[in-house]
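Open the model in your viewer and keep the selection tool at hand. We will walk through it stop by stop, picking residues as we go.

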Amino acid sequence: MDATESTWNRLIEHETETALLGSIQSLLAWDERTGMPPKAADHRAEQISFLAGKIHARRTSPEIGEWLDELATSSMVADPHSDRGATIVQLKRDYDKHRKIPQRLVEELSRAEVLGQQAWVEARKASDYERFQPYLETNLRLRREQAEAVGYGKSPYDALIDDYEPGETADNLRRVLGGLRSALVPLISELGEAPAPPSDACLQGYFPVDRQQKIGKRAAKLIGFDFSRGRLDETAHPFCTEAGPHDHRILTRYNVNFFSQAFYGTLHEAGHGIYDQGLRPDQYGLPPGTFASLGIHESQSRLWENMVGRSRAFWEFLFDETRQLFPDSLSSVSLDHFHAAVNVVRPSLIRVEADEATYNLHIILRFELEEALVTGALAVADLPDAWNAKYEEYLGVTPPDHGDGVLQDVHWSAALFGYFPTYALGNLYAAHFFQSAEQELGDLSEQFRRGEFAPLRKWLTENIHRHGRCYSPAQLLERISGETLSHEPLLNYLQGKLRPLYGL
Ligand code: ZN
């Protein structure tokens, strides 16, 4: 074996062991949020932070830097998109970035995240922005410092979003999200003035939890979530996690008086789970077996939740079964009525409760505000007024207080800046991907009507999942569609579906 080959083997062994520790950590975290006895919390926190320390030390260990420097000049990186090439290029990218952030800043940030979230919980309860303001100022100062340490092209915001969406920039987001906003604001007000808007009252009847579990599991299985490699449980804050290449766990939350919450929550998390299940198990823990970005991950959940799960064809297949399960609420409801109900658009104050169309505006205004905060164009003291003004301008609603306004999300309190746009990117990518899939697979509605979702799932696995991090999000999109990111596929999809449902 030559020297380079043995360096490669050392690197892979090291990364595989780090991934093993990571999967143990996520299993502990899953247990913490599902079935852990309350008094186990202290010991669990110790277990998790012990593992986190080990993982961090392994990721920043100087010997990896030496191995990566050697491998980066070898023939293995001749094709940076091959499994070996991508592994070396992406690990080196992460390593070099982490090494630029001083240890002192890493520690200050993790302390600020904890203190920020504690202060936020209290401030939100009391609807008291001023109580939260100094913590937000600290979080911003530390992230700006991070951006300076890591370096950036044009805007310090670019350095922050790069952690979630590699290669994305503030300029590009302004272009795409600005285009979406200009078209979406008038569309939503047009729907609001429609003479006979659909009603979603039928979704707010009585839906026994055991029956919701049954239909949710049925739908997740139908779209391709593999229950021999995964499970579905209940939690207060739904998410999706993995504890190994064949262990994918999705969580949802039930509301006995609202059908959409658990059903669409389950489809959404199943979409995330299907992405993870489509990654190559033999590359587990390595870049080719890791998701491409948060935006690409979100595109998979949104595609199944909205483009499939809110389509008429989907309900042509599943509505009879659903109606039989909930005779109290749905026996006199027609398919058309139900399909319109799950697509009702209604501007509202709270992001996590927003419908498919207005959701994007909640994200766009957060992006505009946080970018201005990071560059210093907006002072932290002026944030609540700027927040309220944008809600009025884009959605026509004004928060009654800061708790349901500027303090509603946890992200900024946890020093997450640059994270919000990935939610809107998910919708934008999903629309591009769905369009490309239809071009290649023919009329997908025809397949959905027959309950056939495997061709779409296989297409997604083939074109997206199995590439892991071998391509950047922009490269992945270019390979699939030949296009650069645009708001038009999403806008066309929303207009094409919503206008007829609102009689326009
Ligand atoms: Zn998601």
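Helices (H or I, at least four residues) and strands (E, at least two) are DSSP runs, numbered from the N terminus. The model is a predicted one, in which local features need pLDDT of at least 70 and side-chain atom pairs count only at pLDDT 80 or more, while totals for chains, interfaces and linings use all residues. Residues are numbered from 1 along each chain as its sequence is written, and side-chain values use heavy atoms, with hydrogens and water left out.

**Stop 1**

Select R449 and E446, which both sit in helix 18 (residues 444-449), three residues apart, about one turn of the helix. Their side chains meet in a salt bridge (2.9 Å, N to O); the term stands for a side-chain nitrogen of Lys or Arg within 4 Å of a carboxyl oxygen of Asp or Glu. R449 counts as partly exposed at 34% relative accessibility, and E446 is partly exposed too, with a relative accessible area of 36%. Here, buried means under 20% relative accessible area, exposed over 50%, and partly exposed in between (1.4 Å probe, protein chains only).

Now widen the selection to R312, E316, D336, E446, R449, R450 and E452: a network of salt bridges links them.

**Stop 2**

How many salt bridges does the structure hold? The count is 39. For one of them, pick E145 and R141, whose side chains meet at 3.7 Å, N to O. Both lie in helix 6 (residues 129-150), four residues apart, about one turn of the helix. E145 is partly exposed, at 27% relative accessible area, and R141 is partly exposed at 42%.

Next, go to D409 and R366, where the closest N and O atoms of the salt bridge are 2.6 Å apart. D409 lies in the loop between helix 16 (383-395) and helix 17 (421-441) and R366 in helix 15 (residues 359-375), so the pair ties together parts that are 43 residues apart in sequence. D409 and R366 are both buried.

**Stop 1: the zinc ion**

Which residues hold the zinc ion as protein donors? Show H268 (NE2), H272 (NE2) and E298 (OE), lying 2.1 to 2.3 Å from the ion. Donors are N, O and S atoms within 2.8 Å of the metal (3.2 Å for Na, K and Ca); water is not among the atoms, so sites may look incomplete. Along the chain, the zinc donors follow the spacing H-x3-H-x25-E. H272 lies in helix 10 (residues 259-278) and E298 in helix 11 (residues 294-308), so this pair ties together parts that are 26 residues apart in sequence. H272 and E298 are both buried.

**Stop 4**

Colour the strands to find an open sheet of three, in the order 1-3-2, with mixed pairing; two strands pair if DSSP finds at least two bridges between them. Strand 1 (230-234) and strand 2 (240-242) are the edge strands, each pairing on one side only. Strand 1 and strand 3 (residues 248-252) pair in the parallel sense over five bridges.

**Stop 5**
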